[in-house]
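Trainee: I would like to go through this model and ask what stands behind each label.
Mentor: Go ahead, and ask for the cut-off wherever one is needed.

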Amino acid sequence: MASYGNVPTSIGSISGSSIKMGSGPYVEGLTVIIPTYNFICVPLVQELCRQCRQYLSDGHYEILVYDDASTDLSTLTANRAIHDLPGCTFLENPFNKGRSRLRNQLIRDARFQYILIIDSDAEVCSPSFIQTYMEVIADYDIVIGGIQTSERYRRSDNLLRFRYEMAANRSIRQLDYCNQHPYWHFSTFNAMFHTKVFQQAMYNETITGYGFEDTLLGVELEKAGFRAIHINNPLIHTGIDSTDSFLEKTEESLQNLFQLYDAIGSYSTLCRWYERLKRWHIHRLMALWHTWAEEWERKHLYGKHPSLRVFNLYKLGRFTQIMVENKKRPHQ
């Protein structure tokens, strides 16, 4: 198997096998884990705490919020109030671990049978959010609650990401589609796991930048044969990135995808399209197109009416350019 960049890309070598959780026994209850960086998540934790106390008996839940060395002092100061909530812990890491290492730290520190992973820029929109999960999880290994986008978080500077999120809600986040392909577009923005899952796979800590850490985890979980279901129990995504931030994250994620090409393969729409371009012998033409059109595409994406078709073309062109510039070939 070929490898791309400096990261080993076979599933065996790239997995978190060296940092799996130990085996049971499991303590009955729920651990909610929330990684955060420069984001105030006190309202989220307050509501989760209220629901846990209402649905679970005392001593059978915990909420762990770990900060990844935030640089905004006001955010840190605000989040320290989490310490005062019953069953809640707020830990400040002295240095930035990165998305994968921080999540693994939280998973390893979890005490209970079930682990609910939530991003800190989420908002609870159901008074029975915790109850709904707990009524389903006993029959599955993984339950994914989903993501919802609200018009309240649309701004003039985040139109591209907002349109992207709204389009995802109408397509790849529809329950029928998700349950036909439970590990495609896998996300832990809002997902519950039986602790035993993390004895087989955890986040790959060689991924230090943004993007595709969830996808790779999903690849391993599907290969391990875990039962997953998507249900209608969403959280609202409040942290809709500005176009500046979204395009920066897009670039970082495309670099990660280049490194993880062999491991992720057909789980990525971009990888599947790149394979087609290779078969049609037009991948180099696409890379040249991006070199010529990138400035116009970016100008359009910053505009008042950004097109997702242009954005998809931009991503494919940039990813193809990265592949061609590095003179790599997909494994045979």
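Trainee: Is Glu62 buried or exposed, and how do you know?
Mentor: This is a predicted model, so every value is computed from predicted coordinates. Glu62 has a relative accessible area of 8%. Buried means under 20%, so Glu62 is buried.

Trainee: What makes Arg111 and Glu62 a salt bridge?
Mentor: The N to O distance between their side chains is 3.2 Å. The limit is 4 Å between a side-chain nitrogen of Lys or Arg and a carboxyl oxygen of Asp or Glu, so the pair qualifies.

Trainee: Why is Arg111 called partly exposed?
Mentor: Its relative accessibility is 49%. Exposed means over 50%, and buried means under 20%, so Arg111 falls in between and counts as partly exposed.

Trainee: How do you know that Glu123 and Arg152 form a salt bridge?
Mentor: Their closest N and O atoms are 2.6 Å apart, and the cut-off is 4 Å. Glu123 sits in strand E5 (residues 122-124) and Arg152 in the loop between strand E7 (147-148) and helix H6 (159-170), so parts 29 residues apart in sequence are tied together.

Trainee: Which accessibility classes do Glu123 and Arg152 fall into?
Mentor: Glu123, at 22%, counts as partly exposed. Arg152, at 53%, counts as exposed, the cut-off for that class being over 50%.

Trainee: What makes Lys196 and Asp141 a link between distant parts of the chain?
Mentor: Their side chains meet in a salt bridge at 3.2 Å, N to O. Lys196 is in the loop between strand E8 (190-194) and helix H8 (213-223), while Asp141 is in the loop between helix H5 (129-136) and strand E6 (142-144), 55 residues apart. Asp141 is buried at 5%, whereas Lys196 is partly exposed at 31%.

Trainee: How many salt bridges does the structure hold?
Mentor: There are 16. Arg161, Glu165, Arg173, Asp241 and Lys249 are linked in a network of them.

Trainee: Why is His237 called buried?
Mentor: His237 has 6% relative accessibility, and the cut-off is under 20%, so the label applies. His237 lies in strand E10 (residues 235-237). Its side chain reaches the backbone oxygen of Gly239 at 3.3 Å. Among its contacts beyond four places in sequence are Arg161, Glu165 and Phe189.

Trainee: What makes E3 and E9 the edges of the sheet?
Mentor: The open sheet has seven strands in the order E3-E2-E1-E4-E8-E6-E9, with mixed pairing. Strand E3 (88-92) and strand E9 (228-230) each have a single partner strand, so one side of each is left without a neighbour in the sheet.

Trainee: How do you know that E4 and E8 pair?
Mentor: Five bridges join them in the antiparallel sense, and at least two are needed. Ile117 has Ala191 in E8 as its bridge partner.

Trainee: Which residues have the most contacts inside the largest nonpolar core?
Mentor: That core has 45 residues, and Ile117 and Phe319 are among those with the most contacts inside it. Phe319 touches residues including Leu254, Phe258 and Tyr274. Another core, of 35 residues, lies apart from it, and Cys41 and Val143 are among its members.

How values were computed
Residues numbered from 1 in each chain as written. Predicted model: local features only at pLDDT ≥ 70, side-chain atom pairs only at ≥ 80, totals over all residues. Heavy atoms only, no water. Core = buried A, V, L, I, M, F, W, Y, C linked by side-chain atoms within 4.5 Å. Buried < 20%, exposed > 50% of the residue type's maximum accessible area, 1.4 Å probe, protein only. Contact = heavy atoms within 4.5 Å. Helix = DSSP H or I, 4+ residues; strand = E, 2+ residues; numbered from the N terminus. Polar contact = N/O pair within 3.5 Å; in protein donor to acceptor, adjacent residues only side chain to side chain.
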